[in-house]
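Student: I want to know what stands behind the labels on this model. Can we take them one at a time?

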Amino acid sequence: MRVLTALLFGLLVTLAVPATAQYSDTETAIRAGSQKWAAAWNAGDAKALAALYAEDAVAMAPGSEPAKGRAAIEEHFRSSLDAAKGTENVIKTREVMDAGDWAVEVGSFVANSADGEHLDHGPYMALW
């Protein structure tokens, strides 16, 4: 399902969360933010997805115009969730490259239907 691939290439900006000893503070925050993203997607909650983005964020998905700002991002996810009905995403952060005020996350995702059928998988990249 290509709509899922497109969604996961968006720009993801979230709030930091407490760190653990396993990762740097930045990497811990990004890993936690990505899991919050997956949980919100899996719950079908466009409002919760949009809340993970900064007010001035831009979500860029292939085949779509950029969604600029939290309200546009929420609408983008609302229509995407309607099209994807009941899919579940599993996100795995592979690497975080910290560059001070910015960080880049590289990972992979797997999307399955509600009955467990494999729909899509692939890489993603997010700028934090």
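Tutor: Start with a cut-off: a residue is called exposed when its relative accessible area is over 50%, and buried when that area is under 20%. Keep in mind that this is a predicted model.

Student: Which residues of α4 are called exposed, then?

Tutor: A71 and A83 are exposed. Exposed means over 50% relative accessible area, so both residues pass that mark.

Student: Which residues of α4 are called buried?

Tutor: I73, E74, H76, F77, S80, L81 and A84.

Student: What makes the buried residues of α4 line one face?

Tutor: Look down the axis of α4: the buried residues fall within an arc of 160°, so they line one face of the helix. A71 and A83 lie on the other side. In general, an α-helix has 3.6 residues a turn, so residues three or four places apart point the same way.

Student: How does the span of α4 compare with the expected one?

Tutor: Helix α4 covers residues 70–84, which is 15 residues. At 1.5 Å a residue, 21 Å is expected. The first and last C-alpha atoms are 20 Å apart, close to that value. After α4 comes G86, with a positive phi near 80°.

Student: Why are β3 and β5 called edge strands?

Tutor: The open sheet has the order β3-β4-β5, with antiparallel pairing. β3 (88–99) and β5 (118–127) each have a single partner strand, so one side of each is left without a neighbour in the sheet. On average, neighbouring strands are turned by 10° against each other, direction ignored.

Student: How do you know that β3 pairs with β4?

Tutor: Pairing needs at least two bridges. β3 and β4 (residues 102–112) share 11, so they count as paired. One of the bridges joins A99 to W102. Two residues lie between these strands in the hairpin, where G100 has a positive phi near 80°.

Student: What makes β4 and β5 a pair?

Tutor: Nine bridges join them, and at least two are required, so they pair too. V110 has H121 in β5 as its bridge partner. The hairpin has five residues between the strands, and G116 in the turn has a positive phi of about 90°.

Student: Which helix packs on this sheet?

Tutor: Helix α2 (residues 25–42) does, touching β3, β4 and β5. Its direction makes about 160° with that of β3.

Notes: Residues numbered from 1 in each chain as written. Predicted model: local features only at pLDDT ≥ 70, side-chain atom pairs only at ≥ 80, totals over all residues. Heavy atoms only, no water. Helix = DSSP H or I, 4+ residues; strand = E, 2+ residues; numbered from the N terminus. Axes fitted to C-alpha atoms, helices over the stretch in contact; angles between N-to-C directions. Contact = heavy atoms within 4.5 Å. Expected span 1.5 Å × (residues − 1). Buried < 20%, exposed > 50% of the residue type's maximum accessible area, 1.4 Å probe, protein only. Arc of directions from axis to C-beta.
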